[in-house]
Amino acid sequence: QVQLVESGGGLVQAGGSLRLSCAASGILLRFAAVGWYRQAPGKERELVATISSGGFTIYGDSVKGRFTASRDNTKNTLYLQMNSLKPEDTAVYYCTVPGRNYWGQGTQVTVSS
């Protein structure tokens, strides 16, 4: 059974930083394309970042230069370092293995102005 468990969300002031983690079990992330998406209230789910199995990373336009996605194969964990956070970054953040339609339960990030 595949599980993706996000952690690290919370409340932060604008300009602050958070690091999200996504621990995987039942699947080896090193062999998969993985990613982070987010969904704000009343909005569609939005791409934050994806990492190919070969390590190529793509970022959504709204987070480029501020967010960094990474993968630790030894820990089978995905990370999202978020810097210079803005109120519009407020959303539930999900990690995913999109090719297999596996999703975590999400973690709430709230950025206050």
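Is D89 buried or exposed? In this predicted model, D89 counts as buried, because its relative accessibility is 0%, under the 20% cut-off. The residue sits in the loop that connects β8 and β9. Its side chain makes a polar contact with the side chain of R66, at 2.8 Å. Beyond its neighbours within four places in sequence, D89 is in contact with R38, R66, F67, S84, V109 and V111.

The link is right-handed, with 55° about the S-S bond. C22 counts as buried because its relative accessibility is 1%. C95 counts as buried because its value is 0%.

The largest nonpolar core holds 28 residues. Within this core, W36, L80, M82 and Y93 touch the most other members. At least two residues come from each of β3, β4 (34-39), β5 (46-51), β7 (67-72), β8 (77-82), β9 and β11 (107-112). Nonpolar side chains tend to be buried together in soluble globular proteins. The contacts of L80 can be listed in detail. With residues up to four places away in sequence left out, L80 touches L18, R19, L20, W36, V48, F67, T68, A69 and Y93.

Conventions:
Residues are numbered from 1 along each chain as its sequence is written. This is a predicted model: local features need pLDDT of at least 70, side-chain atom pairs count only at pLDDT 80 or more; totals for chains, interfaces and linings use all residues. Side-chain values use heavy atoms; hydrogens and water are left out. A disulfide is a pair of cysteine sulfur atoms within 2.5 Å. Buried means under 20% relative accessible area, exposed over 50%, partly exposed in between (1.4 Å probe, protein chains only). A nonpolar core is a set of buried Ala, Val, Leu, Ile, Met, Phe, Trp, Tyr and Cys residues joined through side-chain atoms within 4.5 Å. Helices (H or I, at least four residues) and strands (E, at least two) are DSSP runs, numbered from the N terminus. Contact means heavy atoms within 4.5 Å. A polar contact is a pair of N or O atoms within 3.5 Å; within protein, one must be able to donate a hydrogen and the other to accept it, and residues adjacent in sequence count only if both atoms are side-chain atoms.
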